Amino acid sequence: MKKKTSKKKPAAKTQAKKKATAAPITTAIKATATSATLEIARISHAPWNPRTPEEMSPSHPAMKELASSIASTGLINPITVWQRDNSYVCIAGNRRLCAAALAGKTTISATVYHTDDLDEDSARMITRAENE
């Protein structure tokens with residue numbers, strides 16, 4: 001009689017499965033959000049934005065391509081902002097925000113977190129999760 005051998009899953013597959021079933025970052029920080037259409041002029045960039053100034057430049061080829069896409073098809077995913085007083089800070093979607101402005105848009109769809117629901121550390125966590 002042959003002895004059965006058990007095959008272990010490779011570590012990479014196990015990690016991928018765990019990552020796929022992980023809760024969204026917003027669940028982990030217990031924040032609520034609303035959807036809104038905002039004036040681009042009222043939205044500033046987060047100081048912890050991981051993108052380089054060159055990547056955010058209107059003359060960068062990738063930015064021009066994204067602006068062209070937004071102009072022809074619109075914005076597919078809304079940006080994420082943090083409302084602070086009467087203004088907003090873009091915490092996810094800085095490239096989309098710049099490209100929408102470059103495409104001539106004056107408003108943009110956004111998921112809005114309010115000051116009471118979010119602190120700066122949580123906003124940074126959302127930014128990092130979006131850019132991984």
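This is a predicted model: local features need pLDDT of at least 70, side-chain atom pairs count only at pLDDT 80 or more; totals for chains, interfaces and linings use all residues.
Local features were taken at pLDDT of at least 70, side-chain atom pairs count only at pLDDT 80 or more, and totals for chains, interfaces and linings use all residues. Residues are numbered from 1 along each chain as its sequence is written, and side-chain values use heavy atoms, with hydrogens and water left out.

Helices (H or I, at least four residues) and strands (E, at least two) are DSSP runs, numbered from the N terminus. Two strands pair if DSSP finds at least two bridges between them.

Strand E3 spans residues 79–84. Of its 6 residues, 5 are buried (under 20% relative accessible area, with exposed over 50% and partly exposed in between; 1.4 Å probe, protein chains only). E3 pairs with E5 (residues 107–114) in the parallel sense, over 5 bridges. Within this pairing, isoleucine 79 is the bridge partner of alanine 110, and valine 81 is that of valine 112. E3 also joins E4 (residues 87–92) through 5 bridges, here antiparallel. Glutamine 83 has tyrosine 88 of E4 as its bridge partner. The hairpin of E3 and E4 has 2 residues between the strands. There, aspartate 85 takes a positive phi near 60 degrees.

Helix H5 covers residues 94–102. Its buried residues are Asn94, Arg96, Leu97, Cys98, Ala99 and Ala100. Glycine 104 follows H5, with a positive phi near 90 degrees.
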